Amino acid sequence: MKLPLSWLRDWIEVDADAGAIAGALTRRGFYVEGVETHGPTFTGVVVARVLDVQRHPNADKLTLCKVDGGAGELSVVCGAPNVRAGMIAPLATVGAQLPGGLTIKRSKIRGEESQGMLCSGRELELSDDHQGILDLERWLGDHGRSAEGKSLTPGRRFEELLAPPETVIDIEIPFNRPDGMGVVGLAREVKAAFGGRWTAAARARLDAKYDGAGGFDLELEDTEGCPRYIARIVNQVTVAPSPPWLVHRLESIGQRSINNIVDLTNLVLFEFGQPLHAFDLDRLKGLAIRVRRARAGEKVTTLDGRERALDPEVLVIADREAPVAVAGIMGGADSEVHAKTTRLLLECAWFEPRRVRRGSRVLGLSTDASKRFERGVDPEVGPIAARRFLDLLAELCPKSKLGPGRDRVASTPAATVVELRASRCTRLIGREVSETDARRHLEDLEFSVKGGNPLQVTVPGWRRDVAIEDDLVEEVARSMGYDSIPEAPLETGGVYAVRTPGERRRERARRAMLARGLMEACTSSLVSESEASATARLLGVDPTRCVRLANPMSREHEILRPTPLAGLLRACAHNLRQGAAAVRMFEIGNGFSWPAPAATGTDERPSEITYVAALVSGPRYAHAHDQAQGATDFEDTKGLWEAFLEEMAVDAPEWRAYSADGWKPGASAEVASAASTIGWAGTLSHTLLAGWEIEQPVHAFVAVLDSLTAAGAARKVWLPGRYPPVRRDVAFHVPSDVTHDRIDRVLRSAAGERLVAIELFDVYAGPGTPEGMKSLAFALQFQHPERTMTEDEVQSIQNNMAAAVAKECGGRLRDR
Amino acid sequence: MPLLKDGLPSEWETGDPGRFLATYVAQLAELGPLDPEVANATATYGEMIAGAPDPASLVVRASAAIGRERGDLTRALAELPQLPIEQRRTRGRALNLAKRLLESLERAKREEFARAAEARDAVDVTVPGRKPWVGRRHVLLQIFDELLDLFHGLGYSVYTSPEVESDTYNFGKLNFPPDHPARDAHDTYFVAPPAGRKPAPAGEELLLRTHTSPGWVRAMAERQPPLRLVFPGRVFRAEQIDASHMDQFHQIDGLYVDRNVSMADLKSTLNTFARSIYGAEVRTRLIPIYFPFVEPGAQLDVSCVICGGGGEMRDGDGVRRCSVCKGSGWLEVLGAGMVHPNVFRAVGYDPEKVTGFAFGMGIERIAMLRHGIPEIRLFLENDVRFLGQFA
């Protein structure tokens, strides 16, 4: 909302300048976004007539002009292509100050004296035009100002042709303060802030009574949507351009002048926040107004020229036959006031906020009027606003005659009385507030206050936002100023912070991933259909279980990601396109899916699981220029994930071959702890990667954060032995299909607790191994906690191990 | 039996032991009067050891002299008992002296080889190393880390709540009436019901939370005051994406409910936050603002961190309006207020018994101001060159 200072001062007398007013408005909750002064920002510019134009002897693009600036003939060098003899243009005389700080001096330009400067629109900040100097006759014509009889006598101060300077305060109006969407409402705030008073004229306008007598065929069929409607006929009006004061006033808030009638409805709209509408009475069928819901199939062409299909959610103003306006939103084109209108019907109504809001939604149409009705127009201001319009119309069209009208009031909202305790103010605000102070602040805002302890506060019609005691506390607090609230010392109040297990687990997972040299990412939760499907399948989730938005803004952001892998792949593709050799990223974030169809019910929610997801692609090292460098492969990344799980204190995770769409066949695994599946890892298939236009191998890992039991807190200590361990290397031939995991478990179980370390150090199949077999070699360490082990003891355990491998895996100890 | 059993191979070149062992000459001179034969043999071995061309031949030569099993001097020591008693003493002493001397020489020579070898292995230290990858925390999560540290210090624990919310938690219980214009500020993404299922009844529609405030409702419904909680998380708005708008971003809300919490407590908490995040010298102001879920409502502004609050920037010789605060000198950083009685009622608290304050802020804005990041889109793009710079 724009608040021009001259308009404000037309209503109130306050002893404060624009800066002080802006500051007070902000401190009272009307955030001032800017204060601007419109109007001339130059001095010393006069109207001048170009008498003669000659070429500059020393420059092709310059001319020498003889100019009449009112005080004799001047020589001016000009560079504009459009300068011609007879033209009237603004002349910056010697000593003139132009916007941007330029001062005009007598000067020589290429050897020729110049006693001033002919100005373009841009040089005077009147327009963006810098193609040539401003042709004043044409410019005034374009702006509809020629009718104002401004004479273009050379020497006249150019400012006089322009609107007087105006300071405009630009304010962000809070949702709950529709009264702030009118000059009067803002004036009331400013008045309260500075202890000012209404001007005599304002007082008269506010106290004026409206006499709605007469007779007019008006029916309120939907009294819920429209509890009050004032209709008034005015005869013998003359539609004409508005007088300059009205044009300037509307222009100062960025509104274009249309004609005197429309401009007056707008003026009242921006003063009281009460939308008015003027119909051309002769274009209404049957001199009647019906306020009703639209009927299915009805249409109306609104003022913006668009035909709009209506439905019964929309409240309309109709004549005897058809809708002529959408109530509270926009008038109809067919009944619009036009140049030949002589009889008009003024509408000044109160429409129910939710009804207007529904209509506005159904039609996808939001206007200055609908915004005010939706938020709540003062239900008591109608007669005052109507009277203001009619009084101004009488001034602008002295020959007009008031005709009959109706003021139908189906219901009047009951006055709201709210109790306020000073003690409640003190308790919430945190400083002592006396009942006297509270009363004074509320009365300054024109609340009517009676009684005491508690105060009985009657809420005025323009403050329908105030409904409960705490609303009044806010009125008191903002009137006193939040600046006056002291800072209480910070105290614990007996509440101490704890890091929750979930928080600790998440932080631990972050650190574990960072320690593996992975970059933390933060990717979109919303992904495309193809991204969602591909990444859902990786976890064996049917893409139909993906969670879709009902109202996506784009195809790219249509579905909630099943896991963060979708976004990581997008980030991976972006970085590779940007020339990165490697992408190593992880994200801890939520993935979403509907429960499997077996579980049904309408009140169900999608599952929301926090995943740790990671992608690795590209060289092993950030830098290496020897054989250590190479592309990261399955085993490199499996090592990363194993180290990650170890850091997360996952005990003996089991890796099982796993296959699902999107993984490279034979290169993906499911990871399980004793309790459950905790994650998936592997190399992605080139088919999946092609969906992101990624051409190099990418390895992925996803784990369910909550399944990573960061155990350790309650664990009993295990003391490492101090007697020297015995080391042995053994190798077994086992059938090719026996997994490492299998033989590892067999060996551990056969060896028992004396085996303290077992590590695979070679896998071989080829010449020397029997058909269908492979060789696995292990480095073993045996240790006794209390003594050095003997050779026989170790040998006996090794024999057990060999026997178990033979029995359980069909393998045998390899000869040395 | 001669001291040098077989003589020494003639191809063994000799060297100067004094080069490796400064005390060699003096010690050898001590040996001469004692037993000239031992002294001669020692001198011969000494020169041979000193002349060893590489570590391997040093081993061969040293063991020929003092090797544990086959060394000539070792053998001579072993044969001592066969000598006449009067020679035994002096020879024994001489042999022991000689042995120690040659051992020292061998050590010195070996040391010399090791040093030479190290010198040969010298590297160009300017060649880049074999460097592992370095992980970095995402710039937004760094801001979260900082805020969580701060609020933990002030006694706030973390509470997490779902990103997919119901209308009632996101709006209804937070005192947004149905069809209220305040909902317009929250362009909402709704979740489509899964295929074959009926849409949820009004008020129960699923949506992507538009703010982290539904967390308060969940926390209060679950627990009893006093409560001091923060609610970090991701939120969503159905907006067209451009340089300054993203359809998802991050927020943190805070909530303190107790018997007599007031705006004075809110003010000190917010000022502590502002000084911690925006700098000790920052000025703040608290001004009224409307949110449906607080009453009174407040907004915290801090003096512009770019222009220092003057609203102007020096630009060469001119002065221009600060583009960050748009000349006002203030930045809006946070919304706050006293928890609305209707919100308390919605969770079964009695607004006469407890009061509380709440606040909420955007994380992206803090990061953008601090690092001069011009576009909000950069946060979710995850360009490693962008992310890698925030250590």
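Colleague: In which loop of chain A is the place of A:Ala649?

Modeller: A:Ala649 lies in the loop between H17 and S33 of chain A. Helices (H or I, at least four residues) and strands (E, at least two) are DSSP runs, numbered from the N terminus. This is a predicted model, in which local features need pLDDT of at least 70 and side-chain atom pairs count only at pLDDT 80 or more, while totals for chains, interfaces and linings use all residues. Residues are numbered from 1 along each chain as its sequence is written, chains are lettered from A and ligands numbered from 1 in the order in which they are written, and side-chain values use heavy atoms, with hydrogens and water left out.

Colleague: What is the phi of A:Ala649?

Modeller: Most residues other than glycine have a negative phi, and most peptide bonds are trans. A:Ala649 is not a glycine, yet its phi is positive, about 60°. B:Lys326 also has a positive phi, near 55°, and is found in the loop between strand S9 (318-321) and strand S10 (330-339) of chain B.

Colleague: Which residues does a cis peptide bond join in chain A, and which in chain B?

Modeller: In chain A, A:Asn453 and A:Pro454 are joined this way, with omega about 0°. A:Pro454 is in the loop between S25 and S26 of chain A. In chain B, the bond joins B:Pro225 and B:Pro226, again with omega about 0°.

Colleague: What is the strand order of the open sheet of three strands?

Modeller: Two strands pair if DSSP finds at least two bridges between them. The order is S24-S26-S25 in chain A, with antiparallel pairing. Strand S24 (416-420) and strand S25 (448-451) are the edge strands, each pairing on one side only. Five bridges join S24(A) to strand S26 (residues 455-459) of chain A. One place to look is A:Glu419, whose bridge partner in S26(A) is A:Gln456. Helix H12 (residues 435-444) of chain A packs on the sheet, touching S24, S25 and S26 of chain A. Touching here is contact, heavy atoms within 4.5 Å.

Colleague: Why is one side of S27 and of S33 in chain A left without a neighbour in the sheet?

Modeller: The open sheet of seven strands has the order S27-S31-S32-S36-S35-S34-S33 in chain A, with mixed pairing. Strand S27 (519-520) and strand S33 (654-657) stand at its edges with a single partner strand each, so one side of each has no neighbour in the sheet. S27(A) runs parallel to strand S31 (residues 583-593) of chain A, joined by two bridges. In S31(A), A:Met585 is the bridge partner of A:Met519.

Colleague: How much area do chain A and chain B bury between them?

Modeller: The size of an interface is often given as the accessible area lost when the parts come together. Buried area is the accessible area (1.4 Å probe) that two parts lose on being put together, summed over both. For chain A and chain B it is about 8300 Å², 55% of it on carbon and sulfur atoms. The contact takes 100 residues from chain A and 105 residues from chain B.

Colleague: How many salt bridges does the rule find across this interface?

Modeller: A salt bridge is a side-chain nitrogen of Lys or Arg within 4 Å of a carboxyl oxygen of Asp or Glu. The rule finds seven across the interface of chain A and chain B. One of them is between B:Asp149 and A:Arg499, at 3.1 Å from N to O. Over all chains the count comes to 83 salt bridges.

Conventions
Axes are lines fitted to C-alpha atoms, for helices over the stretch in contact, and angles run from 0 to 180 degrees between N-to-C directions.
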